[in-house]
Amino acid sequence: MGHRDRRLGRRMVLPLILLLLAVQGYPMAFAVYISAHDYRLTALSEIRWVGLEQYRGLLGNSSYWTAMKNTLVFVFGAVGLELLLGFLLAYLLWRPVPAQNLFRAILLTPMFVTPIAVGLMFRFLLNNQLGIIPVWLRSLGLEIDWFGPDLALFSLILIDVWQWTPLMVLLLLAGLEALPVEPFEAARVDGASELQIIRHLTIPLIRPVMLAAILIRMLDAFRVFEYVYAITRGGPGERTETILFHIYRVGFLYFRLGEAAAMAITLALVIFVLVVLLFRILRRQEALT
Amino acid sequence: MFRRVTGFVIVLGMLASWLFGCRPAAPSPVTLTIIMEQVPDTDVIRKLLPDFEKENPGIKVVIDAMPYDAMRDKILASFMAPKATYDVIIVDNPWMDEFVAGNFLEPLDDRIRGVPDYDFEDFVKPVRDIGVVGSKIYGIPFYNYAVGLIVRQDLFDDPAYRDAYQKKYGKPLAPPTTLEDYVRIAQFFKEQSGGKIYGAAMQPQRGYKVFEEWKNWLYAAGGNLLDDQGKVILDRPEAVRALELYIEMYKTAAPPNSLNWGFDEALRSMAAGEAATMMSYNWMLPTLNNPQGPAGNLAGKFALYEVPGGKAVLGAWHWAIPRNAPNKDASWRFISWVTSKRIEKQRVILGGAPVRVSAMKDPEVWQKGFGQSYYETVLKILEDAEPLARGPKAEEIIQVVGTELNAAVAGEKTAEQALRDAAAQVRRILGQ
């Protein structure tokens with residue numbers, strides 16, 4: 001690339017960089033700024049510098065830790081189940097099926113519903129007195145308290161699985177269909193069983209796609225808010241208080257934006273660490289193959 | 001170079017024309033923008049607007065209605081702006097002290113004095129008091145949402161239930177006036193109906209809902225959140241008793257697994273005929289008794305009473321003028337018109353929830369509205385009612401107490417422990 005081309009190139013990306021700075025850089029920098037201040041919307045005349053005090057406050061804030069723990073359980077539970085189910089479904093669909101496109105389209109529909117509507121749907125579907133699911137379960141002799149203290153978080157995980165497994169299927173299926181045919185033919189000729197093929201061929205081959213899918217879903221799952229908001233409001237007690245819901249509560253109900261910003265930044269750090277870990281795994285895989 | 005400059009000038013010109021082109025033409029008649037919630041009471045105001053605009057030709061009113069959860073942010077953003085987006089706002093009672101503390105609202109005392117025959121004292125005192133902070137008036141009552149006990153009167157009048165209750169307890173079956181009676185009657189309905197009709201559709205959802213319902217129980221047990229000196233008394237024995245009875249009710253007489261129930265579920269349960277009583281807003285009664293409403297065939301069979309113990313949780317919306325509103329005189333013209341005795345009467349006849357004593361005692365309102373006994377009961381409820389929490393930290397107090405209460409109902413903590421934890425947190429919030 002010539003000198004002039006490079007200069008032109010730099011100038012071409014300049015607008016994008018400016019845009020990113022304006023819409024991402026500024027809010028992020030401002031969040032860092034207010035996280036170091038006692039910044040309350042109802043007392044804007046009393047903003048003062050507090051340094052790391054708000055971060056230190058989080059250490060002893062049990063609600064914050066509960067919310068963080070709940071969120072991690074939610075993310076690992078939901079994404080784990082979605083990966084498992086998504087892979088099974090994608091594997092089953094990875095062959096000529098009659099009315100294939102229609103079938104896939106139907107499978108994807110949960111993704112098209114807005115999450116707050118999904119939350120409200122399940123709030124009533126799972127309602128013990130008004131919902132249809134408990135009625136079916138009762139005819140089987142089962143009585144389940146979906147939003148009681150033991151199951152509430154798990155119920156929210158199941159709702160997430162219902163809505164987002166299709167995305168996992170979509171991504172994994174695309175990955176499967178892009179795989180070369182030859183290794184599989186060779187394996188079959190050599191007499192490998194179906195399970196052996198999955199374990200030693202399919203999974204290793206689509207691992208990069210899997211990791212990308214996990215990453216996408218994970219980032220999304222950290223943002224869980226709608227189901228909590230529509231169904232449990234964080235209850236029973238704090239069993240389903242997720243970190244984003246907690247941040248919302250502190251920031252937009254109590255208007256303590258400084259403290260909320262400090263929480264949001266710790267959350268960003270947690271996510272950042274997880275993403276780096278995932279990328280490292282991905283890179284090591286690539287180096288191996 | 002030349003081309004670059006011309007390009008720049010063109011872009012600048014486009015930007016400028018875009019910026020200035022969006023500006024509305026100079027407003028010769030004043031347009032008032034009011035933020036409101038999407039609820040039936042807002043529809044009533046909409047019906048009254050043509051009259052206001054006819055009587056005040058220079059003023060046009062635009063209502064910006066939205067769901068509750070969007071309102072607080074928008075109102076706050078309007079406060080922060082150099083010029084308010086909203087000329088008139090409505091304020092939910094937990095926000096009132098906070099907004100005044102933030103110096104966001106215009107005091108209205110002088111304006112009230114300037115309106116002949118306004119009769120501010122005619123608003124029911126507990127409702128009126130919410131809008132008074134310090135010694136100044138910042139909010140004018142719009143409508144109330146005080147809690148009452150809504151029951152299936154047909155069940156209470158049913159001879160089979162009456163006889164069975166008389167035989168079992170040796171006294172007549174009647175809507176409860178004490179907590180013990182309430183729990184017993186609710187248990188009775190569940191047993192007697194073979195589990196088909198639950199005694200009470202409760203709302204133990206974490207946060208606002210559970211506190212709003214349970215605080216009626218707390219009042220009935222003789223307790224409160226704070227004493228007269230403002231000290232936290234949430235961990236006193238009365239409160240423990242109120243919570244233990246509430247939990248007993250949940251476990252023995254409410255629909256099973258209803259720990260996350262809020263307003264909607266309780267209403268549906270009542271409307272579907274699956275519950276005999278619920279504590280809810282007094283104006284849910286006309287909704288339930290409306291043949292076109294959610295209860296269908298059961299319409300007409302519901303009745304409203306005071307909650308057991310007689311003292312109720314009070315909720316109310318108030319009209320207020322933001323300090324940074326540009327047309328305060330026009331804003332006040334609207335507020336003083338819509339809250340005047342004359343318009344309050346029309347508003348209540350159209351189905352709005354009353355706040356003026358005169359409207360609730362008006363035979364014309366009884367006749368054209370929902371009947372004498374309804375308005376008399378509402379007045380009784382309002383006269384002895386108190387908001388969930390006051391002060392600039394009300395919202396946070398409500399949330400932390402509502403979390404502990406919900407944990408106790410879920411069996412995560414004992415009633416005593418939950419209240420001790422709640423009291424400790426409220427003390428911390430209040431800096432005690």
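Which residue stands opposite B:Val147 in β8(B)? The answer comes at the second stop of this tour of a predicted model.

**Stop 1: chain A as a whole**

Chain A contains twelve helices and two strands. Followed along the sequence, the elements come in the pattern α-β-β-α-α-α-α-α-α-α-α-α-α-α. A box of roughly 75 × 75 × 30 Å, taken along the principal axes, holds the C-alpha atoms of chain A. Of the 289 residues in chain A, 31% are buried. Among the contacts in chain A with a separation of 6 or more, 74% are between residues 24 or more positions apart.

Next, colour the annotated spans. An unreviewed UniProt entry gives the annotation "transmembrane region" to residues 12-34, 72-94, 106-126, 151-176, 197-219 and 260-282 of chain A. Two of these spans can be selected in turn:

- Residues 106-126 of chain A are 67% helix and 0% strand, and their end C-alpha atoms lie 23 Å apart.
- Residues 260-282 of chain A are 100% helix and 0% strand, with 33 Å between the end C-alpha atoms.

Now select residues 68-278 of chain A, where the unreviewed UniProt entry places "domain: ABC transmembrane type-1". This span is 74% helix and 0% strand, and its end C-alpha atoms are 20 Å apart.

**Stop 2: two sheets in chain B**

Move to chain B and select strands β7, β8 and β9. These three strands form an open sheet in the order β8-β7-β9, with antiparallel pairing. At the edges are β8 (277-281) and β9 (302-305) of chain B; each has a single partner strand, so one side of each has no neighbour in the sheet. From one strand to the next, the twist averages 35 degrees. Zoom in on β7 (residues 147-152) of chain B, which pairs with β8(B) in the antiparallel sense over five bridges. Here is the answer to the opening question: B:Tyr281 in β8(B) stands opposite B:Val147.

Then select β3, β11 and β6 of chain B. They make an open sheet of three strands in the order β3-β11-β6, and the pairing is antiparallel. The edge strands are β3 (89-92) and β6 (140-144) of chain B, each with a single partner strand, so one side of each is left without a neighbour in the sheet. The twist here averages 35 degrees from one strand to the next. Strand β11 (residues 316-320) of chain B and β3(B) run antiparallel and are joined by four bridges. Show the side chains of B:Val91 and B:His318: B:Val91 stands opposite B:His318 in β11(B).

**Stop 3: helix α5 of chain A**

Return to chain A and select residues 115-125, helix α5. Which residues of α5(A) are buried? They are A:Val118, A:Gly119, A:Phe122 and A:Arg123. Turn the view to look down the axis of α5(A): the buried residues fall within an arc of 140 degrees, so they line one face of the helix. An α-helix has 3.6 residues a turn, so residues three or four places apart point the same way.

**Stop 4: backbone details in loops**

Stay in chain A and find the loop between α10 and α11 (243-253), which holds A:Pro236. A cis peptide bond with omega of about -10 degrees joins A:Gly235 and A:Pro236. A:Arg233 also lies in the loop between α10 and α11 of chain A. Although not a glycine, A:Arg233 has a positive phi of about 55 degrees. Most residues other than glycine have a negative phi, and most peptide bonds are trans. Is A:Arg233 buried or exposed? A:Arg233 counts as buried, with 23 C-beta neighbours inside 10 Å; the cut-off for buried is 20 or more.

In chain B, go to B:Asp117, in the loop between α5 (109-113) and α6 (125-130). B:Asp117 has a positive phi of about 60 degrees and is not a glycine. B:Asp117 is exposed, as 7 other C-beta atoms lie within 10 Å.

**Stop 5: where the chains touch**

Finally, show both chains. In the contact between them, 28 residues of chain B meet 23 residues of chain A. On the side of chain B that touches chain A, two or more residues come from each of α3 (68-80), α4 (96-101), α12 (263-271) and α19 (394-409) of chain B. The most come from α19(B), which gives six residues. Coloured by type, this side of chain B has eight nonpolar, eleven polar and nine charged residues.

Note on methods
Residues numbered from 1 in each chain as written. Chains lettered and ligands numbered in written order. Predicted model: local features only at pLDDT ≥ 70, side-chain atom pairs only at ≥ 80, totals over all residues. UniProt positions renumbered as here; feature names shortened; annotations may be inferred. Pairing = 2+ DSSP bridges. Axes fitted to C-alpha atoms, helices over the stretch in contact; angles between N-to-C directions. Buried ≥ 20, exposed ≤ 12 C-beta atoms within 10 Å, placed from the backbone. Contact = placed C-beta atoms within 7 Å. Arc of directions from axis to C-beta. Nonpolar A, V, L, I, M, F, W, Y, C, P; charged D, E, K, R; others polar.
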